[in-house]
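Take a look at the model first, then read on.

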Amino acid sequence: MIVIHAKIETNAGTADALKSAVATMEQASRAEAGCNEYTFTTALNAPNTIVVVEEWHSLDALKAHFATPHMAAFNAAMQKHPPKGVVVKMFEAKEIPFPPT
């Protein structure tokens, strides 16, 4: 499983536009083959911070995601409303039972 954790620091004037773009991306991505989870939220104490958590079945599924029209639309929104910063971390993960024994 591939897990993505992204943090987008927006500007106060562009936060709503980027949140809208991420909401569209979230809905379209969840419908993709290979997408296990795609969720975004804003930080409770930092409303201009968008956090995105994604889970993909495989690296191939993630690569296919990068080629979708909704990814291109999201990238266009990011260019139109540049955030202050973006940090994206990608992990290859193996699910383990919770709680650990």
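A residue counts as buried here when its relative accessible area is under 20%, as exposed when that area is over 50%, and as partly exposed in between. Thr49 has 6% relative accessibility, so it falls in the buried class. Keep in mind that this is a predicted model.

**Around Thr49**
- You'll find Thr49 in strand β3.
- Leaving aside residues up to four places away in sequence, Thr49 touches Lys7, Ile8 and Glu9, plus Thr41, Thr42 and Ala43.
- Two of those contacts, Lys7 and Glu9, also turn up in the salt bridges below.

**The nonpolar core**
- In soluble globular proteins, nonpolar side chains tend to be buried together.
- The largest nonpolar core in this model is made of 20 residues.
- Which residues have the most contacts inside this core? They are Val22, Tyr38, Ile50, Val52, Trp56 and Phe74.
- Val22 is a handy residue to start from: with residues up to four places away in sequence set aside, it touches Ile8, Phe40, Ile50, Val52 and Phe74.
- Among those partners of Val22, Ile50, Val52 and Phe74 are themselves on the list of residues with the most core contacts.

**Salt bridges**
- The count comes to three salt bridges.
- One of them joins the side chains of Lys7 and Glu9, at 3.8 Å from N to O.
- Both ends of that pair are partly exposed: Lys7 has a relative accessible area of 38%, and Glu9 comes in at 29%.
- Glu26 and Arg30 form another, with an N to O distance of 3.4 Å.
- Why are Glu26 and Arg30 about one helical turn apart? Because they sit four residues apart in helix α1.
- Is Glu26 buried or exposed? At 15% relative accessibility it counts as buried, while Arg30, at 45%, counts as partly exposed.
- Arg30 also pairs with Glu37, where the closest N and O atoms are 3.8 Å apart.
- Glu37 is partly exposed, with 31% relative accessibility.
- Put together, Glu26, Arg30 and Glu37 are linked in a salt-bridge network.

Terms used
Residues numbered from 1 in each chain as written. Predicted model: local features only at pLDDT ≥ 70, side-chain atom pairs only at ≥ 80, totals over all residues. Heavy atoms only, no water. Core = buried A, V, L, I, M, F, W, Y, C linked by side-chain atoms within 4.5 Å. Buried < 20%, exposed > 50% of the residue type's maximum accessible area, 1.4 Å probe, protein only. Contact = heavy atoms within 4.5 Å. Salt bridge = Lys/Arg side-chain N within 4 Å of Asp/Glu carboxyl O. Helix = DSSP H or I, 4+ residues; strand = E, 2+ residues; numbered from the N terminus.
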